[in-house]
Every structure is written in C-alpha cells, then in structure tokens.
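Here is a colleague's note for someone meeting this structure for the first time.

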Amino acid sequence: MTDQPRSPAHIPDYRRFWLTRFCSWLAGGGMAVIIGYQLYDVARQDYHMSIAKASFQLGIMGFCQFVPMFLLSPVAGVIADRFDKRNVGLMAIAVDLVVAGSLWAATGLHALSLPLLFGLGALHGLARVFIGPSVGSMAPLLVPPALLPRAVAMNSMAMQLATIIGPAGAGLLFAVHPTAPYIGAVILLAIGFLSMAGLRRLPPHPGNRDQHPVRQIAEGFTFVWNNRFLLGCITLDLFAVLFGGATALLPVFARDILHAGPEGLGQMRAATAVGASLMGIVLTARPISQNVGVKMLVAVGVFGAITVAFGLSTNYWLSLGLLSMLGAADMISVFVRSTLVQLHTPDEMRGRLSAISGLAISASNELGEMESGLAAALLGATGAVVMGGIGAMAITVLWAVFFPQIRRARTFSPHLEQG
C-alpha cells in the first residue's frame with residue numbers, strides 16, 4: 001500500500017499545474033500594465049490626443065477585454081467540459097504566447113498603433129477567457145479531496161504573489177528596454193506551456209460527449225440557479241466586491257486624501273496583495289476545516305468593516321495597514337468559497353461552473369469600478385468607500401438570512417450533512 005501524499009506539493013502533476021498558473025498570472029499581470037501604458041503613450045504622442053481623450057482609450061481597452069469574458073465564458077466552460085482540459089489550456093496559453101510575441105515585435109519595430117493594441121488586447125482577453133475554466137478547474141482532478149483546501153490556498157497564494165511581482169517587474173523591465181517585459185512574458189508563458197504539456201491527460205467526463213453544447217450551457221446556469229448553496233457562495237462574492245471594492249478609487253486617496261503620490265499608490269496597490277499572500281501562507285500551513293460557512297460570512301463582513309475604516313482614514317501608514325488586512329480578509333473568503341464551490345461541483349460540470357464563477361468575479365470587478373466612480377461623483381471618494389463597505393456588511397447579513405445553507409456548512413465535505 002503506497003503512502004498518501006500529505007501535501008499537494010508532493011504530487012508531480014500538481015507542481016506542474018501550479019507552475020503553469022503562476023507563470024500565466026505573472027505574465028498576464030505584467031502584460032496588462034505595459035499594454036495600458038503603451039496605449040496611453042501612443043494616444044498622446046502619435047495621435048496627439050488630449051489627456052482626457054487618451055484616458056478614455058484606457059476605458060475602451062478595458063471594455064475590449066471584458067466583452068470576450070462576458071460573451072464567451074459560457075462557451076469556454078462547455079469546451080473545458082467537452083474536451084481534454086490540458087489540451088484546451090495549452091491552446092489558450094499558445095494564443096497568449098502569440099500576443100506576447102506580437103507585442104514584442106511591434107514594440108521593437110516601433111510599429112505600435114491604437115488598432116493593433118486594441119486587437120492584441122482583445123486577443124489577450126480571449127486567451128484568458130479559455131485559460132480560466134480549463135486550467136482553473138484542474139485542481140480537483142489532480143489532488144485527492146482531502147488535500148483540495150491546501151491546493152486552493154496554494155493557488156490563491158500564487159495568484160497574489162504574481163499580482164505583486166508581475167506589474168512591478170514589468171515596470172522595471174520596461175525601464176531597461178521597452179521590449180523587455182514582453183520578452184519576459186514570452187519566456188514565462190513558454191515555461192507554463194511546457195509545464196502543462198507534462199501533465200497527464202485530463203479527458204472529459206463521459207456524460208459530456210453526446211450532449212448539445214447549447215443545452216450544456218443552459219444546464220450549467222440552471223444547475224447553479226437551482227443549487228441554493230452554490231448560488232449563495234458565488235453571488236456573495238459578486239455583490240460584496242461590487243459594493244465594497246475600493247481599488248478603483250485608490251488614485252484619489254493616494255493623490256488628494258493621503259498625499260502619498262504615485263509611489264504611495266504603488267505601495268497601496270501592493271499592500272492588499274501582500275496581506276492576501278501572507279494569509280495564503282497561513283492557510284496553506286493550517287487550512288480552515290470547521291464551521292467553514294460561518295467563517296466565510298465573517299470574513300466578508302470584516303472585509304466590509306475594514307473598507308469603512310480605510311475610507312475614514314487620513315493617515316497613510318494606517319491606510320496601508322488596513323489595505324493589508326483587507327487583502328487578508330478577502331483571502332479567507334476566497335479560500336473558503338473556492339474550496340466549497342470546487343468540492344460541491346460534479347466532475348462533469350467543473351468547466352462550466354468555473355466559467356460562471358469567473359464571469360461573476362469579472363463582472364463584480366468591472367461593474368464595481370463603474371459603481372465606485374458613480375458613487376464618488378455623488379458622495380465623494382470617502383463617502384463612496386464608506387457606503388460601499390457598509391453595503392458589503394449589509395450583503396453579508398442578508399446572505400446569511402436568505403442562504404442559510406452557507407452558515408450551516410460545517411466542513412468542506414459535500415457528503416456530510418450540513419447543519
């Protein structure tokens with residue numbers, strides 16, 4: 001009888017999977033920052049746009065990357081369920097490699113233009129749409145259920161580390177040479193591609209082969225809608241981030257409230273990821289295992305309370321500490337929610353549920369930025385953040401009442417009676 005692995009890191013296929021995700025996030029985060037900078041620079045220098053018009057181009061780029069996510073996430077989920085997840089992930093990473101290589105060449109040849117940047121930005125968004133459901137739903141197929149909470153924590157920690165390192169590293173490389181960030185992205189994506197190619201095959205569930213794709217899309221949404229537990233978990237994160245997200249207004253706080261300048265803005269953006277990463281390390285070593293539903297609700301409520309405190313703070317160092325705590329609370333919520341959703345999802349629906357969850361997260365981030373901007377126009381930045389934090393706390397209370405299945409979840413196991 002062979003010994004069971006005590007950590008996901010002891011499983012070779014999981015190590016390859018983790019390296020693929022880390023490299024993909026690292027490359028994607030760096031590329032997003034440099035594409036945005038180059039887009040603004042090209043609009044100002046080559047098209048002679050005003051600051052306002054050039055800034056508007058950044059909004060168009062965000063729209064170009066969100067549209068593929070909104071339109072194609074259900075399709076990507078079905079494809080991840082109908083085909084070998086490894087092969088789908090490999091093709092998506094290959095598309096991202098083409099984008100990085102094209103940006104490398106265009107930057108080196110001084111051939112950048114707005115249409116080219118919009119097109120490659122949209123193609124980058126398309127690649128991320130298919131990477132999410134295919135790669136994001138692999139972990140339960142690579143590790144035993146008992147190790148999945150640790151695997152989720154390690155995945156989240158990789159994402160947060162990439163969030164810290166990717167943009168900052170790309171900025172430093174860009175200062176060395178404009179092509180350097182894209183050379184780095186090509187190398188990282190190539191490592192991710194080769195690492196994923198080393199995974200064993202992950203064939204689709206036999207029940208997915210003969211169903212009509214449109215029926216499968218509808219089936220995925222119907223399954224979530226009829227499963228009160230999964231619906232509550234997914235929508236809790238959606239609405240909490242929608243109301244409680246303060247990220248979009250950080251430039252206002254850095255410049256006009258905390259008077260920290262652009263350097264302070266960079267530190268503020270990193271602080272949330274640092275707090276999340278540290279909490280990820282704690283959860284990897286000692287994952288939550290009891291009263292998981294209540295702890296997720298408490299984490300979201302604390303997230304809202306810290307958001308209120310951040311909105312009221314006028315001290316830079318206090319604000320920095322609060323942002324770190326915000327990231328830690330969010331990590332707990334993401335850890336519990338991701339583990340619950342993964343373990344309560346049937347094998348044949350993992351791709352579709354991952355796509356629906358990713359779509360909810362993307363929608364909450366994009367719409368949350370819009371909501372924050374509108375609220376700041378009406379209430380001011382401080383008022384918008386404070387009211388958003390109060391809204392997140394209110395959502396927590398409402399979801400605890402309307403979705404009692406969440407607070408009754410004692411453990412992660414879907415096979416045990418909850419309550």
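1. A residue is called buried when its relative accessible area is under 20%, exposed when it is over 50%, and partly exposed in between, with a 1.4 Å probe and protein chains only. The model is a predicted one, in which local features need pLDDT of at least 70 and side-chain atom pairs count only at pLDDT 80 or more, while totals for chains, interfaces and linings use all residues. Residues are numbered from 1 along each chain as its sequence is written, and side-chain values use heavy atoms, with hydrogens and water left out.

2. The protein has 15 helices and 0 strands, where helices (H or I, at least four residues) and strands (E, at least two) are DSSP runs numbered from the N terminus. If contact is taken to mean heavy atoms within 4.5 Å, then among contacts between residues at least 6 apart in sequence, 86% join residues at least 24 apart.

3. How do helix H1 and helix H6 cross, and at what angle? Two packed helices are described by the angle between their axes and the distance between the axes. The axes of H1 (residues 12–45) and H6 (residues 148–176) cross at roughly 35° and come within 7 Å; here axes are lines fitted to C-alpha atoms, for helices over the stretch in contact, and angles run from 0 to 180 degrees between N-to-C directions. The crossing of H1 with H6 is right-handed, a term used when the near helix is turned clockwise from the far one by less than a right angle, left-handed being the anticlockwise case. The residues of this contact divide into 19 nonpolar, 6 polar and 1 charged, with Ala, Val, Leu, Ile, Met, Phe, Trp, Tyr, Cys and Pro counted as nonpolar, Asp, Glu, Lys and Arg as charged, and the others, Gly among them, as polar.

4. A residue from each of these two helices can be examined on its own. Arginine 15 belongs to H1 and is partly exposed, at a relative accessible area of 42%; not counting residues up to four places away in sequence, arginine 15 touches Ala9 and His10. Leaving aside neighbours within four places in sequence, leucine 173 is in contact with Ala180 and Pro181, and its C-alpha atom is separated by 8.4 Å from that of glycine 184, 11 residues apart along the chain.

5. Valine 143, in the loop between H5 and H6, is buried, because its relative accessibility is 6%. Beyond residues up to four places away in sequence, valine 143 touches Pro8, Ile11, Tyr14, Leu148 and Ala151. Valine 143 and proline 8 are 135 residues apart in sequence, yet their C-alpha atoms are 6.4 Å apart in space.

6. Is serine 137 buried or exposed? With a relative accessible area of 1%, serine 137 is buried, and it lies in the loop between helix H4 (114–136) and helix H5 (139–142). Its side chain reaches the backbone oxygen of proline 133 at 2.5 Å and the backbone oxygen of serine 134 at 3.4 Å. Not counting residues up to four places away in sequence, serine 137 touches Lys85, Gly132, Arg350, Gly351 and Ser354.

7. Helix H13 (residues 316–343) has 28 residues, which at 1.5 Å a residue should span 40 Å, and this agrees with its end C-alpha atoms being 41 Å apart; the expected span is 1.5 Å times one less than the number of residues. H13 is mostly covered, with 22 of its 28 residues buried.

8. Most residues other than glycine have a negative phi. Histidine 110, however, has a positive phi of about 55° although it is not a glycine; it is found in the loop between helix H3 (85–108) and H4 and counts as exposed, at 76% relative accessibility. Asparagine 291 likewise has a positive phi, of about 50°, without being a glycine. Asparagine 291 lies in the loop between helix H11 (261–285) and helix H12 (292–312) and counts as partly exposed, at 37% relative accessibility.

Definitions and conventions: Polar contact = N/O pair within 3.5 Å; in protein donor to acceptor, adjacent residues only side chain to side chain.
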